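Please keep the sequence and the model in view while reading.

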Amino acid sequence: MTNFGALAYSALSRLKAEPGLKLSLDLPHDDNVEDAANSFQALEPLFPGVCGLPPAVFSGADDFSHNIALERLEAGARAAVASSETWRAPTFEPGEFAALKLEVQIGGRFVRQALIDKLSRMGYRRDSFVENPGDFAVRGEVVDVFGLAGPPARLLFDGNRLETIRVFDPATHRSSRRLERAVFLPANRKPARPLRGWLGADWKEHQLQEGFKSHASFQGSVDLALRQIRQWGESGCRVFLFSLNRGEEERLQELLDLKEFAPGVCQFLIGPLASGFFHESGRAAFLTSGEIFNRSYRVGYGRWAGAARASGPKRFGWADLRAGDYVVHRHYGVARYLGMKTIQEQDCLCLAFKGEDKVYVPLHEFGMVQKFIGADGKRPKLSSLNTRGWEAVQNRVKEGVRELAAELLRSEALRRARPGHAFAPDGHLEEEFAQAFPFEETPDQKKAIEEIKRDLCSPRAMERLVVGDVGFGKTEVAMRAAFKCALGCRQVAVLVPTTILADQHFHTFRKRFAEYPVSVGRLSRFQSIKEEKQTLAGLQTGVCDVVIGTHRLLQKDVRFKDLGLVIVDEEHRFGVKDKERLKNLRKNVDFLGLSATPIPRSLYQSMAGLKSISLIETPPAGRQAVQTVVSAWDEAMVRGAILHELERGGQVYYVHNRVQTLPQRLAYLHGLLPGVRIQMAHGQLSGAALEKTMWEFFHKKFDVLAASSIIESGLDNPAVNTMIIENAHEFGLAQLYQLRGRIGRERQKAACYLLHGAGAASQMSEEGAKRLEALREFSDLGSGFRLAMRDLEMRGAGDLIGSRQHGFLSAVGLEFYCDLLNGEIDRLKGAGAADALRDQAVWMDVKLPMSIPPETLPSEMERLNFYKRILNADVKALNAIQADLADLCGPLPEPVGNLFHAARLREGFKGTGIRSILQKSAQALELRWQPGREVSAAKLRRFLSDYAGRIQFLSSPEGDGFRVTLEESSPLNFLEDVLAVLKAKV
């Protein structure tokens, strides 16, 4: 087998020896291409200035990376790497590729529409916002382009003149540094001539030279590796030790006493070297930390050091409110949202009530409208505007809320009073354990670990939920918590829903803890009776520190000597009886839940503050989103998808969730795919048979696993990057998301096919269709939390505290119910009515154009999002929101300026006693105070003086006020003057 580290080293040596030489590497598979490319990247620092440019790496069928590699060839790269198949594949003519590139620079003149048309011809996708390479968006005077070879660029135009180019963060959409110019490569590939035709006569094909050999395996023995390193050093060889990150490098330096070597003999480097080797003539040995520590991991080319991270809060590209959604208006009840309508130069929400009644809610009342989420996901009844029914519903719900608020406060008091164990701060072993993690933690992972350790060091019992996509590092977070607990001489129970996941976690934990004084046991049906008895005895005596098991852990014969932490993976997979037993198990210990898509109850409790929540939304370096296809059953599509995966050296999951008919489906697949190795797996197999099947599949003894949904939890097989799910509409949303998360964990682009049977589309329930559409919508990385929110909307909030509240929540919706509940809790805690009145927002309605025009921000959902932010912001936040909008869309038109001016005034009038501001006509403005509010005589005299002959004082039980006839000034400028008087110390 080719040693790709040696291949790259020998190529770099040739390039150094012959400055005019150019080398191409022709490799058998795309996986080989990335291994060789990673080795080039790791070894280039030993050959400074030799290549000039990084190698042109042609990996797979991805047009984006292909065109980046073409750009490197054009720019003068001296090395090119591709598989044999890719070298034969057609691509652009060289001149055609250059002509399709788009270069822009500040001060240049462009017809914006021509630029937009060219981006489309280049294969770029137009969207409201750009989030991935190959996207572009148009908003106001701004064109955002996420090119292939450089950072995302924001182009701000003045007419047809390009004013500025700024780099922006695709997660937050905030711009930063300026650029003088930007070049955008084509995003598609036009077949014209074979790729090898790009290489001229000065290119030579490179083969591995003699004098290189792989070193012997160390069989997981660090001592054996250290002895070999010392032997090399003593024989005069230079030794190069490659680590993936700084933590690994420091660990190696601790293990290796550098005083034994002459200066410069042993050199530590950080880089993704694919494999170590020995160079005989050069008297040099190369080792990787993976070989020394017996860890196997693979990283995508160019991504090993971690992807670019968001510099601020992540911006979600999803809609809070969509046309057709049910909403609740606080005064009128339940309605259906029909979209935004422009009425008298203002955006209004159009709400449809029972019958033909409609209400247009103006901007200043948007806060009155909330999305409806019921208790069970059922369609609510629309309210009637012709009766007092909504008022009666509110009164009935308020009575129930009072009872629940008292119960919640009692539960919270008990939880806070519950004694917890305060663990000691991190010591040397914990720091070493963290540094031994072979990957860079993502920012979200680091934050979750810090939050959990802070909880564990607190004297109060931890109650935390960690939400993160499959493969985003939740297991490592859990292992850090378990390690801390075990070092604190307390035991850990890790509860998982399936035997397969228990087995995988057991091996993962045991391997990670192997070098530390932590013993790991398991309880599942994969064990023999003897092993089970040993584990039970170890738990009772304290010999076993960490136990991993299924619901077997909850049985009465399982006794712990000193349980300190319970970790539950995917709590929603356990039954009602199991959860009752779990309550007893976790009563006086720290609790950590892990989930990719938490159930509505857990999600709501976390959002409501009954549990702490940590979100892991940053994908690991090299992780790619899974392409999701929703389609009716198509035999040709199924066959083509499976064969495509097998041709690129991968494997396939085929999910058929009826165990009784799985053998017939297996026979059908054998007929459809003659010669393809197919095996089946389901939960009714014996433990030994199931384990054998999974082991054989993992080691590529067969190609396609036809399985029930048993593969949903825990299977980590990087070679599987295609999944086909039959009758996908019959699965739950979280279940589909979990299944899809089993693929896309390697470097290959993965695809998931959600198929409904022939003719089944018409039989699908509305909920089933929504589930499939949600999976397609949330196909980007880190979507688990957002998908759980959609699940909360579709399935309902469930029984949050008790069934008595179920009907109340269904009547008014989750958000309004929570507002009532939180208000009652504040009242019981003693929050005064005077405080609430003082902080009450001023109701303002003035006759000026105040909106975000569609041409400024085309997406209706994003305009709603900005309106919501504006209505809930203080003055400081308003300034930031206005800057965000200007950054996003360019210069803001007058209606947007009026909108922010009015919002600042609304915020300024808080605490002045003003209840409402209403413009009755073009000339008359009416202001009213809160009921019973007293106004100083000095201020009244000031109003009489300033507006002599134009002011009229008003009196009413709802609050006194005054009406003023305006002159030339804008109503907003007039209100600035009124506010100055009210805030003056007179």
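**Cavities**

The structure holds six cavities of 30 Å³ or more. A cavity here is a set of points, on a 1 Å grid over the protein atoms alone, where a 1.4 Å probe fits but cannot get out, and lining residues have an atom within 4 Å of a point. Grid points are joined across faces, edges and corners, and a volume is the space filled by probe spheres set on the points. This is a predicted model, in which local features need pLDDT of at least 70 and side-chain atom pairs count only at pLDDT 80 or more, while totals for chains, interfaces and linings use all residues. Residues are numbered from 1 along each chain as its sequence is written, and side-chain values use heavy atoms, with hydrogens and water left out.

The second largest cavity contains about 110 Å³ of space, and its lining is made up of Leu363, His364, Met844, Met850, Ile870, Leu871, Leu899, Ala902, Ala903 and Arg906. Two helices, α27 (860-871) and α29 (894-908), each supply at least two residues of this lining, and α29 gives the largest share with four residues. Helices (H or I, at least four residues) and strands (E, at least two) are DSSP runs, numbered from the N terminus. By class, the lining has eight nonpolar residues, one polar and one charged, where Ala, Val, Leu, Ile, Met, Phe, Trp, Tyr, Cys and Pro count as nonpolar, Asp, Glu, Lys and Arg as charged, and the others, Gly among them, as polar.

Helix α1 (residues 4-17) has 14 residues and reaches 20 Å from its first C-alpha to its last, close to the 20 Å expected at 1.5 Å a residue; the expected span is 1.5 Å times one less than the number of residues. Ten of the 14 residues of α1 are buried, so the helix is largely enclosed by the rest of the structure. Buried means under 20% relative accessible area, exposed over 50%, and partly exposed in between (1.4 Å probe, protein chains only). Among the buried residues of α1 are Phe4, Tyr9, Ser10 and Leu15. At the N-terminal end, Asn3 caps α1, with a side-chain oxygen 3.1 Å from the backbone nitrogen of Gly5.

His206, in the loop between β14 (203-205) and β15 (212-213), counts as buried at 3% relative accessibility. Its side chain makes polar contacts with the side chains of Ser10 (2.9 Å) and Arg14 (3.1 Å). A polar contact is a pair of N or O atoms within 3.5 Å; within protein, one must be able to donate a hydrogen and the other to accept it, and residues adjacent in sequence count only if both atoms are side-chain atoms.

**Aromatic pairs**

The structure holds 28 aromatic pairs. In one of them, the rings of Phe483 and Phe513 have their centres 5.7 Å apart and their planes at 35°, so the pair is tilted. Rings of Phe, Tyr and Trp (its six-membered ring) pair if their centres lie within 6.5 Å, and planes under 30 degrees apart count as stacked, over 60 as edge-to-face and the rest as tilted. Phe483 lies in helix α13 (residues 474-487) and Phe513 in the loop between α14 (499-512) and β27 (520-523), so the pair ties together parts that are 30 residues apart in sequence. Both Phe483 and Phe513 are buried. Elsewhere, ring pairs link Tyr9, Phe47, Phe212, Phe240, Phe277 and Phe286 into a cluster.

| Pair | Apart in sequence | C-alpha to C-alpha |
|---|---|---|
| Met462 and Leu592 | 130 residues | 7.4 Å |
| Gln394 and Phe816 | 422 residues | 9.9 Å |
| Arg490 and Gly542 | 52 residues | 8.4 Å |

Met462, in the loop between α12 (443-456) and β25 (463-468), is buried with a relative accessible area of 2%. Gln394 lies in helix α10 (residues 389-417) and counts as buried at 14% relative accessibility. Arg490 is found in the loop between α13 and β26, and is buried with a relative accessible area of 14%.

**Positive phi values**

Cys489 is placed in the loop between α13 and β26 (491-495). Its phi is near 65°, a positive value in a residue other than glycine, and Cys489 is exposed, with a relative accessible area of 68%. Arg283, in the loop between β18 (277-279) and β19 (284-288), has a positive phi of about 50° although it is not a glycine, and is partly exposed at a relative accessible area of 36%.

Notes
1 Å grid on protein atoms, 1.4 Å probe; cavity = no way out; pocket = protein on both sides within 12 Å on 5 of 7 lines; lining within 4 Å.
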